[in-house]
Amino acid sequence: YPAGPAGLIQPIELTSTGILNHAQNVDAAKEFASYLNTDDVWLPLARDGFAFFIPAFEKFEDNPAMPWNTDPKLAAFKGIAQNGAHSGYPAGPTLEANDIFVNFVVTDMFAKVTSGAASVDDAIADAIEAIEDIYS
């Protein structure tokens, strides 16, 4: 990702693991969640591509098995744990900001221009309309 006027900020997607208060076996659930974050689980997933989607574990940044350390085309993903920001940054995360992200509003704006489907002004107007619809 190229750095802009505010520095290098990379979009980040995170998945959370939670344990409900009324779970029948909280201790076992905690152990399972802890196991899911071990090297034995994560490193094989990294080789299969899973780490491309959620590469936010600092402890894996320099691990030789991580894809960004073995494939130069993926080197841009290294550092996302330090440079990553949630949807809506620099404001706090909101459902609306997440909707804009997951519905590819900004991505589609650029795609419309680069594919010739819309002019710059029209693509921006479409994105603004989509954002206003989400926030209304």
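**Reading the model feature by feature**

Analyst: S115 is exposed, with a relative accessible area of 55%. The model is a predicted one. A residue counts as exposed when its relative accessible area is over 50%, so S115 at 55% falls into that class.

User: Where does S115 lie, and how far is it from F101 in sequence and in space?

Analyst: S115 belongs to the loop that joins α6 and α7. Its separation from F101 is 14 residues along the sequence and 20 Å between C-alpha atoms.

User: How do α6 and α7 pack, in terms of angle and axis distance?

Analyst: The general idea is to compare the N-to-C directions of the two axes, and an angle over 145 degrees counts as roughly antiparallel. Helix α6, residues 105-114, packs on α7 at about 160 degrees, and the two axes are 9 Å apart. The angle therefore makes α6 roughly antiparallel to α7. The crossing of this pair is right-handed.

User: Which helix packs with α7 at an angle of about 140 degrees, and is its crossing with α7 left-handed or right-handed?

Analyst: That helix is α5, residues 95-102, and its axis is 9 Å from that of α7. The angle makes α5 oblique to α7. The crossing of α5 and α7 is right-handed.

User: How many salt bridges are counted, and which residues form one?

Analyst: The test is whether a side-chain nitrogen of Lys or Arg comes within 4 Å of a carboxyl oxygen of Asp or Glu. The count by this rule is one salt bridge. K112 pairs with D126, and their closest N and O atoms are 3.2 Å apart. Since K112 is in helix α6 and D126 in helix α7, the pair ties together parts that are 14 residues apart in sequence.

User: What accessibility do K112 and D126 have?

Analyst: Values between the buried and exposed limits, 20% and 50%, are read as partly exposed. K112 is partly exposed at 31% relative accessibility, and D126 is partly exposed at 34%.

User: Which residues make the nonpolar surface patch, and which helix gives the most to it?

Analyst: Such a patch joins nonpolar side chains within 5 Å, taken from residues with over 30% relative accessible area. Here V113, V120, I124 and I128 make a patch of about 290 Å². Helix α7, residues 120-135, gives the most, with three residues. One of the patch residues is I124, which lies in helix α7 and is partly exposed at 36% relative accessibility. I128 is also found in helix α7, and its relative accessible area of 43% makes it partly exposed. The C-alpha atoms of I128 and V105 are 8.8 Å apart, although 23 residues separate the two in sequence.

User: Where is N103 placed, and how far from A130 is it in sequence and in space?

Analyst: N103 is in the loop between α5 and α6. It counts as partly exposed, at 44% relative accessibility. N103 and A130 are 27 residues apart along the sequence, with 9.4 Å between their C-alpha atoms.

User: Which is the peptide bond from Y89 to P90, cis or trans?

Analyst: The omega angle is the quantity to read. For the bond from Y89 to P90, omega is near 10 degrees and the bond is cis. P90 is in the loop between β2, residues 84-85, and α5.

Technical notes: Residues are numbered from 1 along each chain as its sequence is written. This is a predicted model: local features need pLDDT of at least 70, side-chain atom pairs count only at pLDDT 80 or more; totals for chains, interfaces and linings use all residues. Side-chain values use heavy atoms; hydrogens and water are left out. Patches are made of residues with over 30% relative accessible area and no salt bridge: like charges are joined within 9 Å, nonpolar side chains (Val, Leu, Ile, Met, Phe, Trp, Tyr) within 5 Å. Accessible areas come from the Shrake-Rupley method with a 1.4 Å probe; for residues, only the protein chains shown count as cover. Helices (H or I, at least four residues) and strands (E, at least two) are DSSP runs, numbered from the N terminus. Buried means under 20% relative accessible area, exposed over 50%, partly exposed in between (1.4 Å probe, protein chains only). Axes are lines fitted to C-alpha atoms, for helices over the stretch in contact, and angles run from 0 to 180 degrees between N-to-C directions. Angles under 35 degrees count as roughly parallel, over 145 as roughly antiparallel, 65 to 115 as roughly perpendicular and the rest as oblique. A crossing is left-handed if the near helix is turned anticlockwise from the far one by less than a right angle, and right-handed if clockwise.
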